[in-house]
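Work through the exercises below with the sequence and the 3D view open. Try each task before reading its solution.

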Number of protein chains: 2
Amino acid sequence: MSTTGSARPLRADARRNRERLLQTADAAFGEHGVEASLEQIARSAGVAIGTLYGHFPSRAALAAALLRERHDELFARGDSLPGERVALDALTEWMRLVAAHAAAYHGLAEFLGRGLEDENSELHADCTRLAGITERLAGQAREAGALGAHVTGADVTAVISAVSWTGEQTSPGQAERLLALAVRGMTTR
Amino acid sequence: MSTTGSARPLRADARRNRERLLQTADAAFGEHGVEASLEQIARSAGVAIGTLYGHFPSRAALAAALLRERHDELFARGDSLPGERVALDALTEWMRLVAAHAAAYHGLAEFLGRGLEDENSELHADCTRLAGITERLAGQAREAGALGAHVTGADVTAVISAVSWTGEQTSPGQAERLLALAVRGMTTR
DNA sequence: ACCTGAACACCGTTCAAGT
DNA sequence: ACCTGAACACCGTTCAAGT
């Protein structure tokens, strides 16, 4: 089951435009964050603003396309993690992977958070799947007796989100310290 | 030593405009967050946009004026907390107080974070003082042997900030759970 | 001393008209 | 099928001119 969905073939010029928009948007998001100007992206890509909207009806749709590959890699990694390691190690590694991913663009932590909450977001499916993997790994760590019995999957998702955001606000080092501290707080010593 | 600074008297009409702007801004920030439209605030207050800028040269200056009273109350509380309680209780209460304060306006957690980082922000002094109180209370808890020796004041500030942000993103309940979990992680149980 | 509001340089989003 | 770009409804910020 692919996450990508069936993309029926585009006309050659449309395909080129789509590709150029994605490249330009990646650079713009990287430099100015997920709220980078869409008009500027279209301009830099050498197309009219309407063309951008034609390909990506919303900022979330553009972000979803941009994150497609990275998310698929995360999903694959998250699905193979259980069994590979001791449950607590697997969970901690997962938390680090997602937090590192969220560091791709400034504002991404908040954006993904909205994607999880908003069922109509083009990012909702992706965010739900990320949260599902978190839930599964948390469950295993809990059953292994490594995680406190009261610690929910939502708690771990909140920690990952908060750690990601802290990385944007202060420094990756401070984010890592928060992660360590939070893991210690969820753990049955 | 007052935090307020000496405000020399304004002309009567200017004083009225300033007051109206603050009232309107409080409502707008409460409804739309700290990034609420300044033009709309001026319009709702019945003054021209230039008048708003005349009184508050930046969004941070407006926010600082808006938060003045609440911050002074926080400072007073934070200064009297040591000695009132067991060190860890004092620190935990402080964390809750600041997080509850940050819930006043959506986006305030991030805004205060920037104010701490940016030395030129009109909020810098306030944020530094909040961080200073956190540092002091953390130090006391550490010396009392309640906090891990490796836990820094910056760690506690990061936790407060992350908890505040989580409250905005998800729910106050989830924020409280994150706070409890983080305190457990910082503590020498 | 203070206020006004036009002016400038931007935005996001839609949609009729073109190819 | 797809692209263009004008049109609309907004922004933040400055500053000459008024009172």
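For sorting residues by class, Ala, Val, Leu, Ile, Met, Phe, Trp, Tyr, Cys and Pro count as nonpolar, Asp, Glu, Lys and Arg count as charged, and the others, Gly among them, count as polar. The model used here is a predicted one.

**Exercise 1. The surface near DNA strand C**

Task: Describe the protein surface near DNA strand C by class, by nearest residues and by helices.

Solution. 
Step 1. Sort the residues by class: the surface near DNA strand C has nine nonpolar, seven polar and five charged residues.
Step 2. Find the nearest residues. Among the 21 residues around DNA strand C, those that come nearest are A:Gln40, A:Tyr53, B:Asn17, B:Gly50 and B:Thr51.
Step 3. Assign the surface to helices. At least two residues each are supplied by helix H2 (38-45) and H3 of chain A, and by helix H1 (12-32) and H3 of chain B.
Step 4. Look for contacts with phosphate oxygens of DNA strand C. An N or O atom in the side chain of A:Tyr53 is 2.7 Å from one. A polar backbone atom of A:Glu39 is 3.2 Å from a phosphate oxygen, and a polar backbone atom of B:Ala48 is 3.0 Å from a phosphate oxygen.

**Exercise 2. The surface near DNA strand D**

Solution. 
Step 1. DNA strand D is surrounded by 21 residues, of which A:Arg11, A:Asn17, A:Thr51, B:Gln40 and B:Tyr53 are the closest.
Step 2. Sugar or phosphate holds 65% of the atoms of DNA strand D within 4 Å of the protein, and the rest belong to bases.
Step 3. Take single contacts. A polar side-chain atom of B:Tyr53 lies 2.6 Å from a phosphate oxygen of DNA strand D. For B:Glu39, a backbone N or O atom lies 3.2 Å from a phosphate oxygen. For B:Ser37, a polar side-chain atom lies 3.3 Å from a sugar or linking oxygen.
Step 4. Two or more residues of this surface come from each of helix H1 (12-32) and helix H3 (49-55) of chain A, and helix H2 (38-45) and helix H3 (49-55) of chain B.

**Exercise 3. How the two chains are related**

Task: What rotation superposes chain A on chain B?

Solution. 
Step 1. The rotation is 180 degrees, with 0.0 Å of shift along its axis, and the RMSD is 0.1 Å.
Step 2. The two copies are therefore related as by a two-fold rotation axis.
Step 3. In chain A, A:Gly185 has the C-alpha nearest the axis, 1.8 Å from it.
Step 4. Both copies use the same surface, as 100% of the contact residues of chain A recur in chain B.

**Exercise 4. Chain A and its helix H5**

Solution. 
Step 1. Chain A has nine helices and zero strands.
Step 2. Helix H5 (residues 87-102) of chain A has 16 residues, and at 1.5 Å a residue they should span 22 Å. The expected span is 1.5 Å times one less than the number of residues.
Step 3. The end C-alpha atoms of H5 are 23 Å apart, which agrees.
Step 4. Buried residues of H5(A) include A:Leu91, A:Trp94, A:Met95 and A:Val98. Among the elements that cover the buried residues of H5(A) are helix H4 (59-80) and helix H7 (124-143) of chain A.
Step 5. In chain A as a whole, 47% of the 189 residues are buried.

Note on methods:
Residues are numbered from 1 along each chain as its sequence is written. Chains are lettered from A and ligands numbered from 1 in the order in which they are written. This is a predicted model: local features need pLDDT of at least 70, side-chain atom pairs count only at pLDDT 80 or more; totals for chains, interfaces and linings use all residues. Side-chain values use heavy atoms; hydrogens and water are left out. A residue is near a molecule or strand if one of its heavy atoms lies within 4 Å of it. A polar contact is a pair of N or O atoms within 3.5 Å; within protein, one must be able to donate a hydrogen and the other to accept it, and residues adjacent in sequence count only if both atoms are side-chain atoms. Helices (H or I, at least four residues) and strands (E, at least two) are DSSP runs, numbered from the N terminus. Buried means under 20% relative accessible area, exposed over 50%, partly exposed in between (1.4 Å probe, protein chains only). Contact means heavy atoms within 4.5 Å. Copies are superposed by least squares on the C-alpha atoms of residues with pLDDT of at least 70 in both.
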